[in-house]
Structure formats: structure tokens, C-alpha cells
Amino acid sequence: MKVGKRIPWILVLLFSFPVLAVGYGHARETEVSDVSRKCLQCHGKQGIVKTFLNEETVEAYVNPEKIRTSVHNFLTCSECHSGFSEGKHPSGKYKSKFQFRLRSSSICRRCHSADRIKAKPVHATLLKKEKMGESPICTNCHDAHSVSAASGGKVFSNEKQYCQKCHQHELSMNFSDGEKMSLKVDPAILESSAHSKLRCSDCHYGYSSEEHPEKNFRSRRDYVIASSESCRRCHFDNYTKTLDSVHYDLLKQGNLKAPVCNDCHGSHQISHITHGVKGGLITTQRCKKCHPMIYEMYAKSVHGNALINEQNQDVPICIDCHTAHDIQNPMTLAYHEKIPQMCGNCHANPAVVGKYGLSTDVVKTYLSDFHGVTLGFYKKQREELYKPARPIAVCNDCHGTHNIVSTVSAGPTSVKKNLVRRCQKCHKDATEEFPNAWLFHYKPSFSKFPMIFVVNSIYRIFIPIMWAGFVLQILLHIWRYAVNR
Amino acid sequence: MNRESRRKGGKIRRFSTFRIVEHWGIILTTMILFATGLCQRFWHLELSQWFILKLGGIDNVRLIHRYTGILFSLELLMNTSVGMMGVIRGKWQPSIFISKKDYEDAIHNIKYYFGFENHPAKCDRYDYMEKFEYWTILIGGILMIMTGVILWFPTLVTRILPGEFIPAAKALHSNEAMLIFLLNAVWHIYNAIFSPEVFPLDTSIFTGYISRERMIREHPLELARMEGVTPEELEKDNPGKIRDLKVEAAAR
């Protein structure tokens with residue numbers, strides 16, 4: 001065929017393409033039927049409002065574009081809104097918006113029978129609820145006029161959007177004990193959380209657009225505890241630490257009140273770690289949830305007061321002593337033995353306590369004294385000889401634990417009173433004078449504890465002189481002996 | 001005891017069996033006290049911690065230290081009471097008491113060491129160095145016992161004395177221990193083992209006997225008294241035994 005003869009064919013094909021393309025498009029997005037177009041003459045304009053008996057209202061506006069692109073675009077309005085036709089427009093009376101929606105859902109079920117929809121796991125759950133008298137509202141998830149298949153028919157840009165489709169509504173979950181839990185997830189909270197980049201199924205594993213297994217829990221608490229297991233998939237280090245904690249011990253013993261990950265960190269609203277005073281305040285508030293009495297004591301203590309009222313970030317918060325995840329039982333000897341070291345973290349560190357005029361010798365003076373040395377050996381004996389040890393007086397025995405007060409503000413008489421009481425726990429017949437045997441963390445000097453200072457000074461002079469005398473005598477003796485020979 | 005019975009194979013009896021046993025007792029108790037005490041004073045050393053754990057822990061170490069302290073106190077009590085009884089009943093000379101002669105002997109010996117005297121000081125049963133050692137250990141031992149009791153019963157003590165006495169007693173106890181330890185470790189060990197006069201060991205406290213040569217050299221006054229001669233006669237009978245520098249120098 002010559003080129004000249006081909007041109008008319010090419011032109012025909014070229015010009016017919018848009019026509020064919022439009023035709024194809026029309027095949028997918030069918031024009032609404034004439035009957036429907038008539039309905040849209042009124043309902044396609046905004047401003048029509050339907051009022052229910054309880055004064056609730058719903059807009060009767062229908063976006064023609066959405067109807068055209070919906071999966072129901074081949075239906076006429078009256079196929080769903082039965083009873084309405086060109087000539088009939090009955091005024092339906094509904095008690096409330098909810099009743100109206102419930103009624104509308106029953107229309108869907110005319111075509112989408114239970115048998116047809118139960119294959120989808122999420123539907124299976126809803127159908128089960130329906131049997132128990134709680135009818136699901138289809139339009140909550142699928143919308144009304146812009147109805148689209150929750151998957152397949154419409155492609156969601158991400159999984160979160162897909163889940164949100166349903167979970168932005170007031171869904172709820174029932175537990176065997178009759179308790180209910182809302183399954184509504186506020187997208188704004190999710191976006192502001194530390195996990196905003198995660199997909200829903202990263203935590204809710206087993207759930208996807210394909211699967212939505214039905215899970216039964218005895219109680220809401222059981223569900224919370226089971227959910228915390230998903231944290232370990234990413235936070236394995238902290239998860240394993242919690243297995244050694246006193247909280248997990250309680251859980252193992254069957255105490256379901258023992259806190260799990262989400263009790264402290266929350267679930268969808270998990271936030272980034274906050275440092276400084278703000279972080280300290282948040283953390284102490286979390287512990288307060290279960291330990292309110294201890295919090296009250298702490299809040300009044302020199303440490304708590306400085307944190308809460310002075311916004312001081314040098315003071316310890318709960319987790320500085322108790323740690324965050326591998327929290328040990330503070331009543332054990334192992335914990336008791338660690339206390340001087342814990343206090344020493346700050347009180348032996350000039351960078352922390354130096355600016356408050358506090359001595360950094362307090363830990364050293366304790367550890368080198370009778371009790372400190374004994375404590376050190378008891379710890380070693382326990383670890384190496386498996387010997388049971390007695391609790392030796394440590395920092396908190398004299399200074400208090402959560403209710404620590406400044407020794408300066410408490411005054412010497414109050415401190416001494418505490419001391420006598422503590423001394424008498426082990427030294428039954430200790431008198432008021434007995435605590436004075438302790439040097440109160442001071443190093444002996446001429447003004448403080450002169451007797452000890454003098455004794456030490458005398459020997460510091462006398463021992464070297466005697467030593468030098470001996471050595472000199474020995475050397476002279478050897479020298480004389482050598483000369484004599 | 002007559003003169004002959006105090007000799008055996010040319011050796012002279014210096015210490016009785018009682019003193020030999022007593023010395024063994026002191027060796028044993030002080031060794032235990034030093035071991036269990038020094039490891040408490042230097043508790044931070046690796047060796048101390050190893051030792052304490054080997055003894056079954058700090059409580060055991062304290063218990064051993066305290067009960068050995070009781071033994072040591074009994075030994076001290078026995079030594080002083082037996083000594084005093086002996087002196088009071090006229091059995092022994094009060095030879096251990098420090099006299100003016102000891103100061104003179106000390107100065108004499110220093111002069112001798114520097115070559116200003118031609119013989120060392122002529123001493124009696126105990127020379128000034130032995131006396132110094134004895135009294136340091138005796139007075140030190142009494143101090144140790146007193147402070148040890150204070151540390152053992154702090155609650156009882158604070159019923160009578162101010163609380164500061166407890167840490168003061170601790171300071172005194174550990175400092176005095178160091179002093180006695182140095183005295184023993186340096187001075188006594190040198191004199192009894194490393195001194196060229198006795199090396200490898202001064203056996204007199206273990207066997208009870210001392211050679212006549214050493215008696216002439218170290219305790220000439222006692223020997224002269226034992227043999228019923230004057231020190232001058234003893235020196236004349238044993239020429240050169242008491243070292244005479246000038247004589248030796250002339251001979252060379």
C-alpha cells in the first residue's frame with residue numbers, strides 16, 4: 001500500500017480515538033439514569049435538610065459526581081430508596097438519625113445478604129453482634145451515596161487510611177465480662193504520636209485488608225496485657241528488661257493490676273521521650289497512678305519539692321533510683337545494698353551537688369566507716385559465699401527514703417532523733433549519746449572531732465620518726481659490722 | 001639455779017621453758033591479730049578481701065580478732081603478773097625496767113657506730129633496744145586492749161563516755177596497731193633474723209640457750225655476775241671478744 005492511500009485511514013483512527021476513549025469511559029462511569037437525574041434536580045443542590053423527630057438533622061444533598069463514580073452508579077435512586085418515584089415522595093418519619101441509619105442498613109442487606117458478606121472477617125464479627133441484637137450500620141464504613149468497596153474497589157494510599165475508614169467511627173469491642181471498649185482511634189492523636197510512621201498492623205499484627213480475626217478476651221485488662229506483647233517486636237531490649245522487673249513478677253503471680261507497657265506509655269498516644277523537668281514531671285505522674293501515697297511523700301521531700309515547685313532537673317525522679325524497665329523489688333537485700341551507690345550517683349558527683357554547697361565526701365565517708373565496710377563485705381559474701389546477710393544501715397535509714405528532707409532545714413536535733421531510732425533497731429540498748437559515735441560524714445579536723453584529729457596527728461608524726469630511727473639504727477649497725485670485719 | 005645447771009654444751013640458759021611457751025603464744029596471737037586486723041584496716045585491698053572471704057566473711061574475721069584479743073590480753077596479764085610476782089618475791093632482778101644507764105648505753109652505741117668509742121655499750125640481761133621493744137609492745141598492747149574493748153562494746157561505752165570516744169578509740173587502735181606492726185616487722189625481725197650477729201635466726205628464745213660468745217658480746221654484765229667475776233676480769237679473760245676498735249686497727 002502506498003503512503004498516500006494510508007493517510008485517510010490514519011486520520012480516521014486518530015480522530016476516532018477520543019470518541020472511543022470517551023465511549024470506554026462512559027462504559028465504566030455510567031451516566032445516571034433518567035429517573036435518578038430527576039431526583040438530583042433537587043437533591044443535587046445543597047440546602048435540603050431532613051429533620052428527625054428528636055430534632056436531629058441530616059443534609060439530604062447528594063453529590064452527583066460521587067453517585068456517578070460509586071459502585072452503585074448503575075442503580076436508580078428508588079432501588080434503594082424504595083417507595084420513592086417520580087410521582088411519590090413520602091415523608092418518612094424517623095425518631096433519630098441513628099434509627100434512620102439503622103433502617104438504611106437494612107436496605108443494603110436486601111442485596112448484600114449475610115451469606116454473601118460473612119466471608120470478610122470484619123463482617124463476621126459484625127454479624128455475630130447482629131445476632132446478639134446489635135445491628136451494624138453499613139454506612140459507618142462504606143458511606144451512603146459514594147459507596148465504595150472498603151478495599152479493591154478503591155485503592156487506599158496507606159494501611160492507616162484503610163483502617164481509619166472504620167475505626168474513625170464509634171466502634172466498640174465487647175468482652176466476656178460485659179465490659180466494652182471503644183475502638184475509635186483519633187487520627188490526630190495517631191499523627192502526633194511517636195509511632196506516627198508505623199502502620200496499624202505493625203502493632204496489631206494479624207490484621208490487614210485481607211484478615212480481621214475475631215478475638216475474644218475475658219476482660220478489657222486481659223486485652224491490654226495481651227496487646228503489650230506487641231511492643232517487644234521492636235523494643236526487645238526494654239521488653240526483656242521488664243521480664244526481670246517486680247511488676248512482671250506480680251503479673252506472673254496472677255496480679256493483673258501489675259502494669260504492662262501501655263499502662264505507662266499509652267497506646268495510640270505514645271509520645272516521644274521528654275527530657276528535663278517536663279519529662280520528670282510526666283514520669284512521676286505515671287508512677288503516681290499506682291503509687292499515690294509514695295508520690296505524696298516524694299512531692300513533699302527535698303527532691304520532689306525541687307522538681308515540682310522549683311523546676312529543678314538535678315533532683316532524682318522515680319526511675320533514677322528504681323530504673324524504668326527492670327525495676328527491682330526495693331525490699332530485697334540486693335536492692336538495699338545498692339542504695340549508697342544510687343545516692344552516690346549524684347551525691348558523689350561535684351557536677352550535680354557542687355552548686356548546692358553539698359559535700360561530695362558523704363558517700364566516701366560512709367563507705368569507709370564501719371557500716372559501709374560491713375555492707376560491702378555482706379554484698380560480696382552473699383554473691384560469692386551465698387551467705388545470708390543482715391540489712392546494714394544505709395543512707396535512707398537515717399535520711400529517709402521518699403520523704404528525704406534537707407539535713408540543714410531539719411536541724412540537728414531532728415536528725416539525731418531519727419538516728420537514735422535507727423541505731424536502736426540493731427543496737428538495742430543504744431542511748432542518745434550513741435549516734436555521736438558516728439562522725440556525720442565529717443572528716444575529723446581540729447574544730448570538728450578534735451580528739452580523733454589529735455590522735456591521728458600524733459601517730460602521723462610519731463610513726464615516720466620511729467620508722468626512720470629504726471632504719472637508721474639498722475643501717476649504722478650493718479655499717480659498723482662491715483667496718484669491724 | 002647454780003652456775004653449772006645453766007650451761008649445756010658451752011651454751012648458757014637464757015630463757016626458761018615458761019618464757020619459750022609464752023613467746024610462742026605471743027607469736028601466734030599477734031600473728032592472728034595482725035592478719036585479721038590489718039585486713040580490716042586495709043579492707044579495700046584485693047588481698048584483704050580475698051583473705052576475709054577465705055575466712056568465711058567479715059563477721060568471722062571480727063569474731064576471730066576479738067577472741068584472739070582476749071587470748072592476747074590473758075598473755076599480757078600473765079606476763080606482767082608473773083614478772084611482778086617474781087620481782088616482789090625477790091626471785092628476779094627488776095632487770096626489764098628502764099634506767100638511766102639505758103640512755104647512756106644508747107648514746108654510747110651511737111658514738112661507737114660512728115667510731116668515737118672503741119667498744120659497744122656493755123649491757124646487762126636486757127639491753128636498751130630489747131627494753132624499748134618490750135615496753136613499746138607492753139604499753140601498746142594495753143592501749144590496744146582498752147581501745148579494743150571500747151570498739152567491741154560501743155553501746156555500753158556510750159552510756160558512760162561521749163560518743164566521740166568510739167571513733168577516737170578506732171583511730172588509736174588502728175594507728176597503734178600500725179606502730180606495733182612496724183616495730184615487729186622492721187625492728188624485731190631484723191634483730192632476730194637479719195642482723196648479721198644472729199643470721200639466720202636468733203634461736204635463744206626457742207631453745208632457751210645462748211652461746212657464751214654472744215653473752216660476752218651482748219650481755220657482758222649479766223655473764224660477769226653469773227660467773228662471779230667483775231666485767232673487767234671477764235674482758236681480760238676473753239680478749240678481743242668484746243670488740244675493741246683501736247686494738248683491731250692497731251693489729252691491722
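This is a predicted model: local features need pLDDT of at least 70, side-chain atom pairs count only at pLDDT 80 or more; totals for chains, interfaces and linings use all residues.
Because A:Tyr61 has 14 C-beta neighbours inside 10 Å, it counts as partly exposed. Leaving aside residues up to four places away in sequence, A:Tyr61 touches A:His43, A:Gln46 and A:Ile48. For a sense of distance, look for A:Asn396: A:Tyr61 and A:Asn396 are 335 residues apart in sequence, and their C-alpha atoms are 72 Å apart in space.

Now let us turn to chain B. Its 252 residues include 24% that count as buried, and chain B has 12 helices and three strands. Along the principal axes, the C-alpha atoms of chain B fill a box of roughly 65 × 45 × 35 Å. Of the contacts in chain B with a separation of 6 or more, 64% come from residues 24 or more positions apart.

Finally, see where the two chains meet: 35 residues of chain A are in contact with 32 residues of chain B. On the chain B side, α2 (46–54), α4 (100–113), α6 (154–157) and α7 (165–194) each supply at least two residues. The largest share, 12 residues, comes from α7(B). Sorted by class, this side of chain B has 20 nonpolar, eight polar and four charged residues.

Methods. Residues are numbered from 1 along each chain as its sequence is written. Chains are lettered from A and ligands numbered from 1 in the order in which they are written. A residue is buried if 20 or more other C-beta atoms lie within 10 Å of its own, exposed if 12 or fewer, and partly exposed in between; C-beta atoms are placed from the backbone. Two residues are in contact if their C-beta atoms, placed from the backbone, lie within 7 Å. Helices (H or I, at least four residues) and strands (E, at least two) are DSSP runs, numbered from the N terminus. Ala, Val, Leu, Ile, Met, Phe, Trp, Tyr, Cys and Pro count as nonpolar, Asp, Glu, Lys and Arg as charged, and the others, Gly among them, as polar.
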